[in-house]
Amino acid sequence: MTDPRLIRNFSIIAHVDHGKSTLADRLLELTGTLQKRQMKQQMLDDMELERERGITIKARAVAMNYESPDGNTYQLNLIDTPGHVDFNYEVLKSLQACEGALLLVDASQGVEAQTVVNAHLAEQAKLTVLPVLNKMDLPHARPDQVATEIEDAICIPAEDAIPVSAKTGLNCEQVLEAIVAKIPAPSGDPEAKLQALIFDAVYNDYRGVVIYVRVFQGRVKKGDMIRMLGTLTTYEVDEVGKLKPDMQAVDELAAGEVGYVVANIKKLQDVVIGDTMTHEDERERNVALPGFRPTKPMVYCGFYPTVPSDFEYLRKSLEKMRLNDSSFTFEPETSDALGFGFRCGFLGLLHMEVIQQRLEREEDMDLVQTAPTVRYRVKLTTGEVREIRSPSELPDGSMIEEYQEPITHVNVVVPAEYIGAVMKICTDRRGQYVKTDYYGKERVMIGFRIPFAEIIFDFHDHLKSATRGYGTMDYEVEGFEASNLVKVRILIAGDEVDALSFLCHKDQSESRGRKILKQLRKEIPRHQFEVALQAAIGGKIIARESIAPMRKDVTAKCYGGDISRKRKLLEKQKEGKKRMRQIGSVEVPQKAFLSVLRSGDDD
């Protein structure tokens with residue numbers, strides 16, 4: 001057992017692409033956790049998607065042994081965290097299992113929007129925050145100005161911030177020394193009753209659910225009977241171990257340590273992230289830890305299997321994702337057009353995209369995805385307030401007194417020269433200006449209140465374009481406000497297609513409806529009769545496109561002669577087309593749904 005005084009639990013927090021995973025690589029090398037031949041870039045980003053996109057999606061834990069110049073060997077438990085706003089919950093979870101955090105800031109880019117948010121999360125969790133300036137090897141690094149920005153924006157002293165280059169290894173040993181010297185040791189008692197926080201879990205086909213824990217009190221070893229206080233289920237421990245970064249079995253995990261527990265847990269529902277693990281024995285039980293505050297998904301969309309018989313397999317795949325990512329939610333729903341599927345909730349658009357790609361790659365699922373929507377509320381004439389996650393849940397229009405949409409507080413960090421461009425983008429999206437804060441002379445943080453529906457699609461892309469890539473943003477949902485919203489119904493040959501209907505602001509309804517109809521017109525093949533595509537609000541048609549019928553040239557056999565013969569043949573064809581339209585049904589191919597649902601709203 002390691003003396004708790006020689007343990008340090010810490011995480012690395014930063015904005016996207018400021019070098020968290022690269023610094024973790026250098027720490028693994030310096031502590032000898034991995035040999036040089038075993039190393040690869042971004043060692044802890046082991047998911048294919050993470051390596052492909054160059055971002056961290058999942059928090060990863062790793063235990064390292066560091067031989068300090070003071071003669072002691074310290075056990076350093078690092079939890080590498082994501083930087084993107086959509087994976088904020090991963091950061092929140094990892095901070096609960098630590099006593100300190102390295103706040104990594106790019107010495108050339110400076111303080112970004114997510115840097116501020118992650119630093120505040122660490123302060124709320126009462127962690128010791130150590131500022132580290134990365135990318136000092138770049139010729140345009142400006143450490144003094146960035147240290148001033150850290151003090152102005154986050155209000156933590158940065159005069160002793162460690163200047164490092166994670167790429168070249170410059171000063172990385174100083175980081176290890178600072179962790180040992182400044183981050184407090186865990187305060188747990190190994191002899192007390194067991195109290196361990198489950199901060200993550202993964203599903204293994206052969207061993208069931210493997211849970212990752214931070215032990216706060218007591219100890220756990222093979223053969224112990226453990227109890228989950230949230231689900232009240234009991235298991236026998238098969239194996240305990242540490243992540244180095246692969247799983248390595250040890251005799252026991254004691255207070256202050258981070259590791260994994262295998263206990264033959266077969267049901268995914270029996271593990272709740274944030275739950276407390278204690279001993280089964282009545283005399284050995286401890287009280288539950290606070291856990292994590294639950295997150296409410298902000299973006300919803302439907303996932304439907306292209307083959308209806310894959311519905312149960314999709315359910316199991318979603319349960320695995322839910323275990324691995326507790327900020328993701330799902331529940332069954334049905335659609336007239338798409339059959340049986342699930343309404344899934346996400347923290348943002350990137351979060352949704354990652355889950356969809358993981359399902360397609362890791363679980364080999366073929367999916368149809370509906371257009372993303374945000375949560376709305378409607379106030380009924382009876383006074384009741386209902387939450388709406390898709391247009392199909394809307395009650396009858398006569399019962400609705402007012403619509404309410406979610407409003408976000410958006411902070412955009414940019415160089416001062418781009419203030420005008422940012423102001424224009426925000427006001428074009430119904431934004432209300434809040435405040436401007438300057439960090440030093442060059443950088444500025446602009447605050448706006450913007451409806452959430454306006455920022456989930458291409459707001460970030462427009463911001464990057466307008467600021468030449470320098471603009472960064474972060475948002476937080478503040479609440480709901482009354483708004484002039486309408487439900488736009490999409491009709492194909494007079495029949496409403498529920499999967500394509502959407503809610504939007506009245507001013508944008510006509511343009512958005514027309515975009516979808518134009519997209520459908522390209523994708524739906526021509527039939528023997530004319531197909532009308534319409535967008536409607538209530539009973540009023542606001543946009544229409546027509547797909548012309550396929551026609552046979554019935555007058556081709558007429559050479560010369562009276563025009564009345566040709567007219568008679570054309571009239572006969574017209575009558576036939578009219579009858580065909582009455583009894584014919586329109587085949588809408590899967591490709592048409594996919595093209596509209598994936599691009600119709602954000603073109």
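Modeller: A contact here means heavy atoms within 4.5 Å. Keep in mind that this is a predicted model, where local features need pLDDT of at least 70 and side-chain atom pairs count only at pLDDT 80 or more, while totals for chains, interfaces and linings use all residues. Residues are numbered from 1 along each chain as its sequence is written, and side-chain values use heavy atoms, with hydrogens and water left out.

The protein has 14 helices and 32 strands. Both are DSSP runs numbered from the N terminus: helices are H or I with at least four residues, strands are E with at least two. Of the 603 residues, 55% are buried, which means under 20% relative accessible area; exposed means over 50%, and partly exposed is in between (1.4 Å probe, protein chains only).

Now zoom in on Arg-429. You'll find Arg-429 in the loop that links α9 (419-428) to β25 (432-439). Its relative accessible area is 13%, so Arg-429 counts as buried. And who does Arg-429 touch? If we skip its neighbours within four places in sequence, Arg-429 is in contact with Ile-450, Pro-451, Glu-454, Asp-458, Phe-459 and His-462.

Phe-459 brings us to helix α11, which covers residues 459-466. The axes of α9 and α11 come within 10 Å and cross at roughly 160°. Those axes are lines fitted to C-alpha atoms, over the stretch in contact for helices, and angles run from 0 to 180 degrees between N-to-C directions. That angle makes α9 roughly antiparallel to α11, because over 145 degrees counts as roughly antiparallel (under 35 is roughly parallel, 65 to 115 roughly perpendicular, and the rest oblique).

On the α9 side, Ala-421, Val-422, Ile-425 and Cys-426 make the contact, and they meet Phe-459, His-462, Leu-463 and Ala-466 of α11. Sorted by class, that's seven nonpolar residues, one polar and no charged ones. Nonpolar covers Ala, Val, Leu, Ile, Met, Phe, Trp, Tyr, Cys and Pro; charged covers Asp, Glu, Lys and Arg; the others, Gly among them, are polar.
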